[in-house]
Amino acid sequence: RCSDVWLQPNIAAPNFLAKTRESSFRRGIGLPGRVWDNAVAAWIPDVTQDTNFSRASFTEADHLHGALAFPICIHGEVLAVVEFFSKEVRQPEEDLLQLVDSIGSIMGQFLKRKQTEDLLFHAQKLEAVGSLAGGIAHEFNNLLQAISGFTRYAMEGLNTADQPYRDLQQVAAATDRAATLTRQLLSFSRREPYDAGLVNLNEIVREAETMLRPIIDKRIDITLDLADPLN
């Protein structure tokens, strides 16, 4: 699709410009389609006489004739096609065709460098977010250590069959799970070494179920379908 139009102040081509803005171009069809298909510059002496130029009637109405187009490429892929039109019938000039091909190649290299810079900037933002998350996770881990310590201290004087003891067990289990997630965040942000190991997925699912049951709607039933043994 046409993304922008440049026009000299002393040239009026309202019909052609309106048609261009609303047109969709296909590979191999029309001037931009031919350039897109071949990835090389193309020159039409008089577009009003070109049977493969779909906007010919509109150029004729605005007295446009000569046309030149060149591709902007990255790694051989055409990203865009730039068109120029003249009110004069002009025969192809090989030197000018080579020049605009070179211009298209330079523009493609510029866009490639811009894309690389954008990717680098995005990577730097991700690194900054990772560092921030690592700092927060580190402080959160300190809080979890305190919660875990006081919870286990409170459990020492309770009967294991009592409800308060079982409630504190759930607090301790949730704290351990949160500490594991925090360690993963710290590992991801490279603040702690990564220690890979085997985990029992069934135990993780059962712990999640135990934490979920007290907080979800009583009308919702949780059914586990586990495959033992599963590590």
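The model is predicted, so local features need a pLDDT of at least 70, side-chain atom pairs count only at pLDDT 80 or more, and totals for chains, interfaces and linings use all residues. Residues are numbered from 1 along each chain as its sequence is written, and side-chain values use heavy atoms, leaving out hydrogens and water.

Ala39 sits in the loop between helix 2 (30-38) and strand 1. Helices (H or I, at least four residues) and strands (E, at least two) are DSSP runs, numbered from the N terminus. Although Ala39 is not a glycine, its phi is positive, at about 60 degrees. Most residues other than glycine have a negative phi.

Next, select His63, in the loop between helix 3 (56-61) and strand 2 (66-74). His63 also has a positive phi, near 65 degrees. This residue is exposed, with a relative accessible area of 53%.

Now move to Gly134, within helix 4 (residues 94-155). Is Gly134 buried or exposed? Gly134 is buried, at a relative accessible area of 0%.

Finally, colour the protein by pLDDT, the predictor's confidence in each residue, from 0 to 100. The average is 81, and 90% of the residues score at least 70. Confidence is highest in strand 1 (residues 42-44), at a mean of 91, and lowest in helix 6 (residues 201-212), at 76.

How values were computed: Buried < 20%, exposed > 50% of the residue type's maximum accessible area, 1.4 Å probe, protein only.
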